[in-house]
Amino acid sequence: MKLKVLGCSGGIGGAQARTTSFLVDEDILIDCGTGAGELSLDAMRRIDHVFLTHAHLDHIACLPLLIDSVGDARSLPVTVHATPETIRILHSHVFNWLVWPDFSAIPDRHHPFMRFQPMKLGESISLGGRVIKALPAQHTVPTVAYALDSGEGQLVFSGDTAYCPELIAAINAQPALRHLIVETAFADEQHGLAVASRHLCPSMLLAMLEEVHVTPEVHITHLKPGADLRIIAQIEAGAPRLKPRRLQMGQELYF
Ligand SMILES: Nc1ncnc2c1ncn2[C@@H]1O[C@@H]2COP(=O)(O)O[C@H]2[C@H]1O
């Protein structure tokens, strides 16, 4: 499998700051932040599945626009996989006919442009031999991480998370983990904000990596603009065994 980074910033500001969205092969998006707006119309039309970690705006901002842009040109609905809680939030607060039309009922309920597929924590979905599993994570709203398994190796994406022992256990349970994409949103001097908003800062990431007993390439994502250079310097100062690197927009990971 191939994962291409469309956006991996914790905010906006400049050409390299697009929020979270990863293209998997040609037909799957993991989150649909502003990075998804980098796709051409043709590439957007090929998206059959969107897996959402949670309902926060930086992870869903382009979903309503994408559905509206491609719906008419597709014969099948785009399937949006998320937990029942996240689906409820999106239905009530985004696809509510006020912020945006309810595309799960357009053009009609039997042939919609988009359909929600509830996915429980621990559940796996197989798409042509590619298995995507929802893993535990902790944030201010209901959230999941994801493990992607090609059959030859795995990639885990933390989504937005605080320090989460259950996620660490799930990471350690991957038999051939090639890549770990893990957030570090704030710098250490923003520790209070990291705790309040349930994100990691470098000291928390370093503590987490101490507990990781598999040997993936580690990629740091969701750095808040303006704090990004300090976050990376603070991680490097901790000299972690797994030598994390900053995830880059446009980067491709194979597993
Ligand atoms: N007290 C707070 N709780 C949650 N989020 C906050 C708070 N203060 C500021 N924020 C910001 O709101 C953002 C919402 O998206 P994020 O979780 O990516 O990151 C969060 C922080 O950058």
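This is a predicted model: local features need pLDDT of at least 70, side-chain atom pairs count only at pLDDT 80 or more; totals for chains, interfaces and linings use all residues.
Local features were taken at pLDDT of at least 70 and side-chain atom pairs at pLDDT 80 or more, while totals for chains, interfaces and linings use all residues. Residues are numbered from 1 along each chain as its sequence is written, and side-chain values use heavy atoms, without hydrogens and water.

Rings of Phe, Tyr and Trp (its six-membered ring) were paired if their centres lie within 6.5 Å, with planes under 30 degrees apart counted as stacked, over 60 as edge-to-face and the rest as tilted. Four aromatic pairs were counted by this rule. Among them, Phe22 and Phe157 are edge-to-face, at 4.8 Å centre to centre and 75° between the planes. This pair joins strand E2 (residues 21-24) to strand E10 (residues 154-157), its members being 135 residues apart; strands are DSSP runs of E, at least two residues, numbered from the N terminus. Both Phe22 and Phe157 are buried (under 20% relative accessible area, 1.4 Å probe, protein chains only). Phe51 and Tyr146 form another edge-to-face pair, with 5.7 Å between centres and 80° between planes. Here Phe51 lies in strand E4 (residues 49-51) and Tyr146 in strand E9 (residues 144-149), 95 residues apart. The relative accessible area is 0% for Phe51 and 1% for Tyr146.

Residues around the ligand (a heavy atom within 4 Å) include His56, Asp160, Phe186 and Lys224. The shell comprises three nonpolar, five polar and three charged residues. A polar side-chain atom of His199 lies 2.7 Å from a ligand oxygen atom. The protein buries 57% of the 450 Å² that the ligand exposes when taken alone (Shrake-Rupley method, 1.4 Å probe).

Terms used: Helices (H or I, at least four residues) and strands (E, at least two) are DSSP runs, numbered from the N terminus. Buried means under 20% relative accessible area, exposed over 50%, partly exposed in between (1.4 Å probe, protein chains only). A polar contact is a pair of N or O atoms within 3.5 Å; within protein, one must be able to donate a hydrogen and the other to accept it, and residues adjacent in sequence count only if both atoms are side-chain atoms. Ala, Val, Leu, Ile, Met, Phe, Trp, Tyr, Cys and Pro count as nonpolar, Asp, Glu, Lys and Arg as charged, and the others, Gly among them, as polar.
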